[in-house]
Amino acid sequence: MAAKRNATAAIIGAGDYIGGAIAKKFAAEGYTVFAGRRTADKLLSLKNEIEGAGGACVARGLDARKEDEVTAFMAEADAHAPLEVVIFNVGANVNFPLLDTTERVFRKVWEMACYSGFLAGREAARHMLARGQGSIFFTGATASLRGGPGYAAFASAKFGLRAVAQSMARELGPQNIHVAHLVIDAGVDTAFVRERIKAAGGEADPGQLMSPMSIAETYWQLHNQTRDAWTHELDIRPYRERW
(Lines give C-alpha, C1' and ligand atoms only; values in the text may rest on other atoms or scores of the structure.)
Protein backbone atom coordinates (compact mmCIF):
# COMPACT_ATOMS: atom_id res chain seq x y z
CA MET A 1 0.00 0.00 0.00
CA ALA A 2 1.46 3.35 -1.07
CA ALA A 3 1.60 6.33 1.24
CA LYS A 4 -1.72 8.12 1.66
CA ARG A 5 -2.29 11.01 -0.73
CA ASN A 6 -4.32 14.13 -0.13
CA ALA A 7 -6.50 13.33 -3.14
CA THR A 8 -9.60 11.42 -4.11
CA ALA A 9 -10.46 9.17 -7.04
CA ALA A 10 -14.16 8.86 -7.85
CA ILE A 11 -15.35 5.71 -9.60
CA ILE A 12 -18.87 5.87 -11.04
CA GLY A 13 -19.91 2.34 -11.81
CA ALA A 14 -17.75 0.60 -9.21
CA GLY A 15 -19.04 -2.85 -10.05
CA ASP A 16 -17.65 -6.24 -9.19
CA TYR A 17 -15.09 -6.41 -11.98
CA ILE A 18 -13.62 -3.47 -13.95
CA GLY A 19 -14.90 -0.74 -11.64
CA GLY A 20 -13.95 -2.64 -8.51
CA ALA A 21 -10.48 -3.41 -9.85
CA ILE A 22 -9.90 0.27 -10.69
CA ALA A 23 -11.03 1.27 -7.21
CA LYS A 24 -8.63 -1.21 -5.61
CA LYS A 25 -5.73 -0.04 -7.77
CA PHE A 26 -6.14 3.64 -6.96
CA ALA A 27 -6.70 2.86 -3.28
CA ALA A 28 -3.48 0.84 -3.27
CA GLU A 29 -1.71 3.89 -4.69
CA GLY A 30 -2.83 6.00 -1.74
CA TYR A 31 -6.00 7.65 -3.04
CA THR A 32 -9.19 7.84 -1.06
CA VAL A 33 -11.66 6.13 -3.36
CA PHE A 34 -15.23 7.35 -3.63
CA ALA A 35 -17.10 4.39 -5.08
CA GLY A 36 -20.54 4.93 -6.57
CA ARG A 37 -22.98 2.24 -7.60
CA ARG A 38 -26.74 2.03 -8.00
CA THR A 39 -27.09 -0.21 -4.94
CA ALA A 40 -24.92 0.85 -2.01
CA ASP A 41 -25.11 -2.56 -0.28
CA LYS A 42 -23.30 -4.15 -3.22
CA LEU A 43 -20.27 -1.96 -2.45
CA LEU A 44 -19.77 -3.38 1.03
CA SER A 45 -17.40 -6.17 0.00
CA LEU A 46 -15.29 -3.76 -2.08
CA LYS A 47 -15.11 -1.27 0.77
CA ASN A 48 -14.12 -4.01 3.23
CA GLU A 49 -11.44 -5.36 0.91
CA ILE A 50 -9.89 -1.93 0.33
CA GLU A 51 -9.94 -1.01 4.00
CA GLY A 52 -8.68 -4.45 5.00
CA ALA A 53 -5.64 -3.82 2.81
CA GLY A 54 -5.00 -0.47 4.49
CA GLY A 55 -6.74 1.77 1.96
CA ALA A 56 -9.59 4.23 2.24
CA CYS A 57 -12.95 3.85 0.54
CA VAL A 58 -16.21 5.79 0.81
CA ALA A 59 -19.14 3.84 -0.67
CA ARG A 60 -22.24 5.63 -1.89
CA GLY A 61 -25.44 4.55 -3.58
CA LEU A 62 -25.67 6.53 -6.80
CA ASP A 63 -28.04 6.68 -9.74
CA ALA A 64 -25.71 8.18 -12.33
CA ARG A 65 -28.71 9.29 -14.42
CA LYS A 66 -29.82 11.74 -11.73
CA GLU A 67 -28.13 15.12 -11.99
CA ASP A 68 -28.57 16.04 -8.34
CA GLU A 69 -27.08 12.74 -7.17
CA VAL A 70 -24.03 13.06 -9.43
CA THR A 71 -23.50 16.67 -8.34
CA ALA A 72 -23.68 15.73 -4.66
CA PHE A 73 -21.39 12.71 -5.12
CA MET A 74 -18.67 14.79 -6.79
CA ALA A 75 -19.01 17.60 -4.28
CA GLU A 76 -18.62 15.19 -1.36
CA ALA A 77 -15.57 13.58 -2.93
CA ASP A 78 -13.93 16.95 -3.55
CA ALA A 79 -14.75 18.19 -0.05
CA HIS A 80 -13.01 15.14 1.43
CA ALA A 81 -9.78 15.85 -0.48
CA PRO A 82 -9.02 17.38 -3.88
CA LEU A 83 -10.75 15.43 -6.64
CA GLU A 84 -7.91 14.31 -8.89
CA VAL A 85 -9.37 11.39 -10.86
CA VAL A 86 -12.88 10.57 -12.08
CA ILE A 87 -13.61 7.35 -13.95
CA PHE A 88 -16.97 6.74 -15.58
CA ASN A 89 -17.50 2.99 -15.86
CA VAL A 90 -21.24 2.47 -16.30
CA GLY A 91 -21.96 -0.43 -18.66
CA ALA A 92 -25.52 -0.89 -20.02
CA ASN A 93 -24.57 -3.65 -22.46
CA VAL A 94 -27.81 -5.16 -23.80
CA ASN A 95 -28.68 -7.03 -26.97
CA PHE A 96 -32.14 -6.86 -28.52
CA PRO A 97 -33.21 -7.46 -32.12
CA LEU A 98 -34.24 -4.17 -33.68
CA LEU A 99 -37.98 -4.89 -33.62
CA ASP A 100 -37.75 -5.94 -29.97
CA THR A 101 -35.93 -2.75 -28.95
CA THR A 102 -38.62 -0.75 -27.21
CA GLU A 103 -38.55 3.00 -26.75
CA ARG A 104 -37.98 2.41 -23.04
CA VAL A 105 -34.96 0.15 -23.64
CA PHE A 106 -33.36 2.57 -26.08
CA ARG A 107 -33.90 5.57 -23.81
CA LYS A 108 -32.73 3.79 -20.67
CA VAL A 109 -29.53 2.52 -22.31
CA TRP A 110 -28.77 6.01 -23.62
CA GLU A 111 -29.35 7.50 -20.18
CA MET A 112 -27.04 4.97 -18.54
CA ALA A 113 -24.18 4.84 -21.04
CA CYS A 114 -24.16 8.35 -22.55
CA TYR A 115 -26.16 10.93 -20.63
CA SER A 116 -24.71 9.75 -17.31
CA GLY A 117 -21.21 10.11 -18.73
CA PHE A 118 -21.94 13.69 -19.69
CA LEU A 119 -23.14 14.46 -16.17
CA ALA A 120 -20.10 12.80 -14.59
CA GLY A 121 -17.64 14.56 -16.88
CA ARG A 122 -19.21 17.98 -16.47
CA GLU A 123 -19.32 17.80 -12.69
CA ALA A 124 -15.77 16.44 -12.52
CA ALA A 125 -14.60 19.36 -14.66
CA ARG A 126 -16.26 21.90 -12.35
CA HIS A 127 -14.00 20.83 -9.50
CA MET A 128 -10.83 20.11 -11.47
CA LEU A 129 -10.79 23.38 -13.40
CA ALA A 130 -10.63 25.31 -10.13
CA ARG A 131 -7.24 23.68 -9.46
CA GLY A 132 -6.08 23.41 -13.04
CA GLN A 133 -5.47 19.66 -13.07
CA GLY A 134 -7.14 16.27 -13.10
CA SER A 135 -7.95 13.14 -15.08
CA ILE A 136 -11.37 12.15 -16.44
CA PHE A 137 -11.57 8.71 -18.04
CA PHE A 138 -14.50 6.99 -19.78
CA THR A 139 -14.89 3.25 -20.26
CA GLY A 140 -15.93 2.42 -23.80
CA ALA A 141 -16.45 -0.86 -25.64
CA THR A 142 -16.18 -2.44 -29.07
CA ALA A 143 -19.63 -0.92 -29.64
CA SER A 144 -18.08 2.54 -29.28
CA LEU A 145 -16.58 2.03 -32.75
CA ARG A 146 -19.07 -0.09 -34.65
CA GLY A 147 -22.61 -1.32 -34.33
CA GLY A 148 -23.65 -4.94 -34.53
CA PRO A 149 -26.83 -6.99 -34.84
CA GLY A 150 -28.96 -6.38 -31.78
CA TYR A 151 -26.87 -3.49 -30.52
CA ALA A 152 -28.70 -0.45 -31.88
CA ALA A 153 -29.35 0.89 -28.38
CA PHE A 154 -25.99 0.05 -26.83
CA ALA A 155 -23.83 1.09 -29.77
CA SER A 156 -25.61 4.40 -30.24
CA ALA A 157 -25.11 5.21 -26.55
CA LYS A 158 -21.44 4.23 -26.64
CA PHE A 159 -20.90 6.20 -29.86
CA GLY A 160 -22.40 9.18 -28.05
CA LEU A 161 -20.18 8.74 -25.01
CA ARG A 162 -17.14 8.66 -27.28
CA ALA A 163 -18.23 11.97 -28.82
CA VAL A 164 -18.71 13.50 -25.37
CA ALA A 165 -15.19 12.39 -24.42
CA GLN A 166 -13.66 13.81 -27.61
CA SER A 167 -15.36 17.16 -27.15
CA MET A 168 -14.32 17.33 -23.51
CA ALA A 169 -10.71 16.45 -24.34
CA ARG A 170 -10.45 19.25 -26.89
CA GLU A 171 -11.98 21.79 -24.54
CA LEU A 172 -10.34 20.75 -21.29
CA GLY A 173 -6.93 19.53 -22.45
CA PRO A 174 -5.49 23.06 -22.82
CA GLN A 175 -6.60 23.65 -19.23
CA ASN A 176 -4.54 20.69 -17.97
CA ILE A 177 -7.40 18.22 -17.62
CA HIS A 178 -6.56 14.84 -19.16
CA VAL A 179 -9.65 13.29 -20.75
CA ALA A 180 -9.34 9.76 -22.17
CA HIS A 181 -11.67 7.17 -23.67
CA LEU A 182 -10.78 3.49 -23.37
CA VAL A 183 -12.16 0.96 -25.82
CA ILE A 184 -12.43 -2.39 -24.03
CA ASP A 185 -12.31 -4.51 -27.17
CA ALA A 186 -12.84 -8.02 -25.78
CA GLY A 187 -14.71 -9.98 -23.18
CA VAL A 188 -13.73 -9.34 -19.58
CA ASP A 189 -13.06 -12.29 -17.30
CA THR A 190 -16.26 -12.23 -15.27
CA ALA A 191 -18.65 -14.94 -14.12
CA PHE A 192 -21.32 -13.50 -16.42
CA VAL A 193 -19.10 -13.68 -19.52
CA ARG A 194 -17.93 -17.21 -18.72
CA GLU A 195 -21.55 -18.30 -18.30
CA ARG A 196 -22.44 -16.82 -21.70
CA ILE A 197 -19.54 -18.65 -23.36
CA LYS A 198 -20.59 -21.89 -21.69
CA ALA A 199 -24.24 -21.41 -22.70
CA ALA A 200 -23.06 -21.05 -26.30
CA GLY A 201 -21.35 -24.44 -26.01
CA GLY A 202 -17.78 -23.24 -25.48
CA GLU A 203 -15.18 -22.72 -22.81
CA ALA A 204 -13.06 -19.61 -22.22
CA ASP A 205 -9.54 -20.28 -23.47
CA PRO A 206 -6.39 -18.76 -21.97
CA GLY A 207 -5.76 -15.41 -23.59
CA GLN A 208 -9.37 -14.95 -24.66
CA LEU A 209 -10.58 -12.80 -21.76
CA MET A 210 -9.17 -9.68 -20.14
CA SER A 211 -8.34 -9.57 -16.44
CA PRO A 212 -10.06 -6.67 -14.62
CA MET A 213 -6.82 -5.96 -12.76
CA SER A 214 -4.90 -5.68 -16.04
CA ILE A 215 -7.48 -3.16 -17.23
CA ALA A 216 -7.11 -1.23 -13.97
CA GLU A 217 -3.34 -1.01 -14.52
CA THR A 218 -4.01 0.66 -17.87
CA TYR A 219 -6.12 3.35 -16.20
CA TRP A 220 -3.33 3.93 -13.70
CA GLN A 221 -0.75 4.27 -16.48
CA LEU A 222 -2.93 6.78 -18.30
CA HIS A 223 -3.27 8.87 -15.17
CA ASN A 224 0.51 9.03 -14.85
CA GLN A 225 1.22 10.19 -18.40
CA THR A 226 3.00 13.50 -18.82
CA ARG A 227 1.08 16.31 -20.46
CA ASP A 228 3.30 16.44 -23.54
CA ALA A 229 2.31 12.86 -24.49
CA TRP A 230 -1.27 12.35 -23.36
CA THR A 231 -3.33 9.54 -24.85
CA HIS A 232 -6.94 10.37 -25.62
CA GLU A 233 -8.21 7.09 -27.03
CA LEU A 234 -6.74 3.71 -26.21
CA ASP A 235 -8.06 0.34 -27.29
CA ILE A 236 -7.02 -2.70 -25.30
CA ARG A 237 -7.57 -6.40 -25.95
CA PRO A 238 -5.94 -9.76 -25.17
CA TYR A 239 -3.41 -11.07 -27.66
CA ARG A 240 -5.82 -13.63 -29.10
CA GLU A 241 -8.62 -11.20 -29.87
CA ARG A 242 -9.25 -10.56 -33.58
CA TRP A 243 -9.31 -6.96 -34.74
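**Reading the terms in this model**

α1 lies across β1, β2, β3 and β4, running at about 175 degrees to β1. Helices (H or I, at least four residues) and strands (E, at least two) are DSSP runs, numbered from the N terminus, while the angle is taken between N-to-C directions on a scale from 0 to 180 degrees, with axes fitted to C-alpha atoms, for helices over the stretch in contact. This is a predicted model, in which local features need pLDDT of at least 70 and side-chain atom pairs count only at pLDDT 80 or more, whereas totals for chains, interfaces and linings use all residues. Residues are numbered from 1 along each chain as its sequence is written, and side-chain values use heavy atoms, with hydrogens and water left out.

Q: Why is Ala92 called buried?
A: Buried means under 20% relative accessible area, exposed over 50%, and partly exposed in between (1.4 Å probe, protein chains only). Ala92 has 15% relative accessibility, and therefore counts as buried. Ala92 is found in the loop between β4 (83-88) and α4 (103-131), and its phi is near 75 degrees, a positive value in a residue other than glycine.

Q: What makes Asn176 count as buried or exposed, or as partly exposed?
A: At 22% relative accessibility, Asn176 counts as partly exposed. Asn176 lies in the loop between α5 (152-172) and β6 (177-184), and phi of Asn176, near 70 degrees, is a positive value in a residue other than glycine.

Q: How do you know that strand β5 is largely enclosed by the rest of the structure?
A: For β5 (residues 134-141), 8 of the 8 residues are buried, so the strand is largely enclosed. Both of its faces are covered, with Gly134, Ile136, Phe138 and Gly140 buried on one side and Ser135, Phe137, Thr139 and Ala141 buried on the other.

Q: What makes β4 and β5 a pair?
A: Two strands pair if DSSP finds at least two bridges between them. There are 4 bridges joining β4 to β5, which run parallel, and Val85 stands opposite Ser135 in β5. Likewise, 6 bridges join β2 to β3, also parallel, with Thr32 opposite Ala56 in β3.

Q: Why are β3 and β7 said to stand at the edges?
A: The open sheet has 7 strands in the order β3-β2-β1-β4-β5-β6-β7, with parallel pairing. β3 (56-61) and β7 (233-236) each have a single partner strand, so one side of each is left without a neighbour in the sheet.

Q: What makes a set of residues a nonpolar core, and which residues have the most contacts inside the largest one?
A: A nonpolar core is a set of buried Ala, Val, Leu, Ile, Met, Phe, Trp, Tyr and Cys residues joined through side-chain atoms within 4.5 Å. The largest has 32 residues, and those with the most contacts inside it are Ile22, Phe26, Ile87, Ile215 and Tyr219. The largest share of this core, 6 residues, comes from α1.

Q: How do you know that Tyr219 is in contact with Ile22?
A: Contact means heavy atoms within 4.5 Å. Leaving aside neighbours within four places in sequence, the residues in contact with Tyr219 include Ile22, Phe26, Ile87 and Leu182.
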